[in-house]
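Open the model in your viewer and keep the selection panel at hand. The tour goes from one selection to the next.

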Amino acid sequence: MDATCVYKPIAGERPLWDFPDGTLAFREVAAFAVSEACGWDLVPPTVLRDGPFGLGMVQLWIDVDESVDIVALSRSDHPDLRRMAVFDAVVNNADRKGGHLLPREDGHVHGVDHGVCFSVEDKLRTLLWQWRGRRLSDDAVATLTELAADLAKGRPLHRELAGLLARSEVNATVRRVSRLLATGRYPEPSEDWPAIPWPPY
Ligand SMILES: Nc1ncnc2c1ncn2[C@@H]1O[C@H](COP(=O)(O)OP(=O)(O)O)[C@@H](O)[C@H]1O
Ligand SMILES: [Mg+2]
């Protein structure tokens, strides 16, 4: 079967001060693995693949509903965005801006561009703060509980992440899930890190 895809070759990655060079494609695939484990279908299918410019991440292209107002969507209480806020806290997403929300015509919302996730340091930077400090839903708690089990050493998800991220980054992911379960609440914006992406959209 043919499918239209996004291809981001590792060789084309721009160096960033706060992430090791040549690792963004792996972070994108790791984000898909976590999204799949959550069962929320947030990240479009994403794989590592060789292409004309070498190894890179390849992601299924999503046809977006162009009539959706992204600013309004990003401020809404859409259930997919609630889940995305939890997902972003787990993967430590440093760049959840408006352009990274892809609303489909059937109303489902995907998230893309997860190259700057999984830092060991807290770098959550997002537009989706509307639930900050609020209690997580039972659904989110159940999902995080399963995710914690899936992240145990020896489990397939742990093994997959260990092949894509540094060991310290996998461990930090485990700790973020534990922290979310311990507080039972959406995270609050940090005071020592810009909590909103610039530009936001
Ligand atoms: N899987 C996808 N399906 C459809 N559009 C996408 C997909 N991934 C990215 N895009 C579009 O391309 C833009 C740039 O992609 P992004 O992943 O943010 O790349 P970059 O790493 O260059 O910021 C996104 O804001 C979005 O509009
Ligand atoms: Mg982007």
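At what angle do helix H4 and helix H6 pack, and how far apart are their axes? To find out, select residues 138-150 for H4 and residues 167-183 for H6. In this predicted model, the two helices pack at an angle of about 145°, and their axes are 10 Å apart. Two packed helices are described by these two values, the angle between their axes and the distance between the axes. The crossing of H4 past H6 is left-handed.

Now show the side chains in the contact. H4 brings Val 141, Leu 144, Thr 145, Leu 147 and Ala 148. On the H6 side they meet Val 177, Ser 178, Leu 180 and Leu 181. Of these contact residues, seven are nonpolar, two are polar and none is charged.

Next, go to the sheet. It is open, has three strands in the order S1-S3-S2, and its pairing is antiparallel. Select 5-9 for S1 and 46-51 for S2: these are the edge strands, and each pairs on one side only. On average, neighbouring strands are turned by 35° against each other, direction ignored. Arg 49 is found opposite Gly 56 of S3.

Last, select ligand 1. The residues around it include Val 6, Gln 59, Trp 61, His 100 and Asp 113. By class, its shell holds seven nonpolar residues, four polar ones and one charged.

Conventions
Residues are numbered from 1 along each chain as its sequence is written. Chains are lettered from A and ligands numbered from 1 in the order in which they are written. This is a predicted model: local features need pLDDT of at least 70, side-chain atom pairs count only at pLDDT 80 or more; totals for chains, interfaces and linings use all residues. A residue is near a molecule or strand if its C-beta atom, placed from the backbone, lies within 6 Å of it. Ala, Val, Leu, Ile, Met, Phe, Trp, Tyr, Cys and Pro count as nonpolar, Asp, Glu, Lys and Arg as charged, and the others, Gly among them, as polar. Axes are lines fitted to C-alpha atoms, for helices over the stretch in contact, and angles run from 0 to 180 degrees between N-to-C directions. Helices (H or I, at least four residues) and strands (E, at least two) are DSSP runs, numbered from the N terminus. A crossing is left-handed if the near helix is turned anticlockwise from the far one by less than a right angle, and right-handed if clockwise. Two residues are in contact if their C-beta atoms, placed from the backbone, lie within 7 Å. Two strands pair if DSSP finds at least two bridges between them.
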